[in-house]
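This report describes selected features of one protein chain. Please consult the sequence and the structure while reading.

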Amino acid sequence: MASNQTAALQGSAPTKNAELLSWVAKMAQMTQPDSIVWCDGSEEEQKRFTELAVKEGILIPLNQQKRPGCYLHRSNPNDVARVEHLTFICTTNKEDAGPTNNWMEPEAAYTKLTHLFTGAMKGRTMYVIPYVMGPLGSPFAKIGVELTDSVYVALNMRIMTRMGKAALDMLGDSNDFNRGLHSTGDLNPDRRFICHFPQDNTIWSIGSGYGGNVLLGKKCLALRIGSYLGEHEGWLAEHMLILGVTSPKGETTYVAAAFPSACGKTNFAMMIPPKEYEGWKIETVGDDIAWMRTGPDGRLWAINPEAGYFGVAPGTNYKSNPNAMASVAKDTIFTNVAMTPDGDVWWEGMDGEVPEELIDWQGRPWKKGSGEKAAHPNSRFTAPASNNPALSAKVNDPMGVPISALIFGGRRSNTVPLVIQAFNWTHGVFLGATMGSETTAAATGKVGVVRRDPMAMLPFCGYHMGDYLQHWLDMQKKIAHPPKIFQVNWFRQDKNGKFIWPGFGENMRVLEWIVNRVHGRVPTEETLLGWVPRQDNGLNLKGLDLSQEAISEVTSIKEDEWKTELKSQEPFFESLGLKAPEALTLQRKLLISRLGT
């Protein structure tokens, strides 16, 4: 980088943080941008960036009467999702990354990516994005700085994080910040890498413009780097929603829940209770990520490190998630959805009749009945959390909220009952460690194959999964009053392959039972596998159009299915090798002995 550009950088930077200035200058020298812009997070800046993105064709204005402040982005067709096979954990020892992550030696990774980053920003602007993950001033929060050549990333980071001047003010002259470097490069998949350096608190991402790969505060910092920091600092970074449920008597209980993809996570976080629950209220603290630490009162406290929602559009509608639909009514960036002739958005599963004609996610004319998807199956919306009508007032509380229950759930057509309570913390960790979802024929060629996804963290854990599970076990010593742990399954099917439980808002009935268990208000029935609702004094089924036979089926525990389940867990534990926590292997042996296998 020329000396006059260095001087311009130093002179225009809104900080005197020497470490930050030195790092930005070093990265700019490598990437060689034409100009450098420090983001302040202001509305004026957002307006300026949006106008630039529209001018360059990066954003398409939508109908501002129907969708005020909303825009459409179309990504390269080869760049529409997270790329797990190109995502690496770069630790000195391969063993530290573990068997569930791709590994690259740090020096080799830096060398490979330095070659790709050299001159990558020529003719482009480098945006310096200081941001905070977590409420401003929170002791839970972490600060990051992302350098990117994408104005799309800058606009999305403004929605998803507390971005700009506030982050620099919070950082001060500290050297404790995550260093994130991103360039879209030439979008060639052969030159696409997302590399995490946990020991350096650094992330380098090149060759992609897709949010999950380039909004570095999200999965990269909040989970992969966050989980590594959590193990070293004594806290938990988890792929969990956080919600508060308030009874008609004014009692509020907070729960955190982990669900793999396609299991209704955002729907649960924004659930509207059915009419039988008049006076009850659900409030969203977070829909995707929870950072949890032990509070001075011995309870587990959680914050949502994000400030927005990066949600999947297809399937979102006023039945499945009315609060999400309200959240995307304004000031939202849509990515790879379809556009109606009058400039509104559309995706598969949206309310109302399918339009006769659309512009599809690639900008091509689309006709009803063509057999093609109009919106990409992984099309997204980036919406401010402040748009959510059910947003909790605690979302910006620096201390977060106290968690009374942890919930694990997957998509299972059989075996796992509607709800079960773990006997204790270790048993609960076992339920979370062995959770999974069944694949579909479209994904694997086989139906009903269970993909293990411990705590829904398989793609996001930044270190060895065995160490991660041991960290969960060790956390019990830090929490004097640990949350109760539950497992749920909304997806049991009947003999005709139809879902038995209606789901969506009716899941409130299960949540009420969980809340009652947390506060010790209802008895349970003990089974070999955990505590379940009693038939005579358990789930509130008033007004639910479901037969007693169906209720019995969805809550049943069948020993033959569980014998198969426990056998199928064996490869997962074997994959962890010597780092498979002994307490969890003993839990499995105990269950096997109970079932007499």
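## Strand S11 and its partners

Two strands are taken as paired if DSSP finds at least two bridges between them. The model discussed here is predicted. Strand S9 (residues 178-183) runs parallel to S11 and is joined to S11 by five bridges; among the paired residues, arginine 179 has threonine 202 as its bridge partner in S11. Strand S10 (residues 193-197) is also joined to S11 by five bridges, but these two strands run antiparallel. Here phenylalanine 193 has isoleucine 206 as its bridge partner in S11. Four residues lie between S10 and S11, which form a hairpin, and asparagine 201 in the turn adopts a positive phi of about 50°.

Strand S11 (residues 202-206) is mostly covered, with five of its five residues buried. In a regular strand, side chains alternate between the two faces of the sheet. Thr202, Trp204 and Ile206 point one way from S11, whereas Ile203 and Ser205 point the other way, and all are buried.

## Helix H3

Helix H3 (residues 43-55) has 13 residues, which at 1.5 Å a residue should span 18 Å; the end C-alpha atoms are 18 Å apart, in agreement with that expectation. Its buried residues are Glu45, Phe49, Thr50 and Ala53. Because these residues cover an arc of only 135° around the axis, they lie on the same side of H3. The face turned away from this buried side carries the exposed residues Glu43, Lys47 and Lys55.

The packing partners of the buried residues of H3 include strand S1 (35-38), strand S3 (71-73) and helix H6 (151-160). Just after H3, glycine 57 takes a positive phi of about 80°.

## Nonpolar cores

The largest nonpolar core has 92 residues. Those with the most contacts inside this core are Met240, Met292, Ile403, Leu406, Tyr468, Leu469 and Trp472. Helix H6 contributes the largest share, eight residues.

Leaving aside residues up to four places away in sequence, methionine 292 touches residues including Trp235, Met240, Ala256, Ile403 and Leu406. A second, separate core has 36 residues, among them Ile282, Ile407, Val510 and Ala550.

## Aspartate 467

Aspartate 467 belongs to helix H14 (residues 465-475). Aspartate 467 is partly exposed, with a relative accessible area of 21%. Beyond residues up to four places away in sequence, aspartate 467 touches Glu231 and Lys579. The side chains of aspartate 467 and lysine 579 are joined by a polar contact of 2.8 Å.

Arginine 224 lies 243 residues from aspartate 467 in sequence, and their C-alpha atoms are 14 Å apart in space.

Key:
Residues are numbered from 1 along each chain as its sequence is written. This is a predicted model: local features need pLDDT of at least 70, side-chain atom pairs count only at pLDDT 80 or more; totals for chains, interfaces and linings use all residues. Side-chain values use heavy atoms; hydrogens and water are left out. The expected span of a helix is 1.5 Å times one less than its number of residues. Buried means under 20% relative accessible area, exposed over 50%, partly exposed in between (1.4 Å probe, protein chains only). The arc is that of the directions from the helix axis to the C-beta atoms. Contact means heavy atoms within 4.5 Å. A polar contact is a pair of N or O atoms within 3.5 Å; within protein, one must be able to donate a hydrogen and the other to accept it, and residues adjacent in sequence count only if both atoms are side-chain atoms. A nonpolar core is a set of buried Ala, Val, Leu, Ile, Met, Phe, Trp, Tyr and Cys residues joined through side-chain atoms within 4.5 Å.
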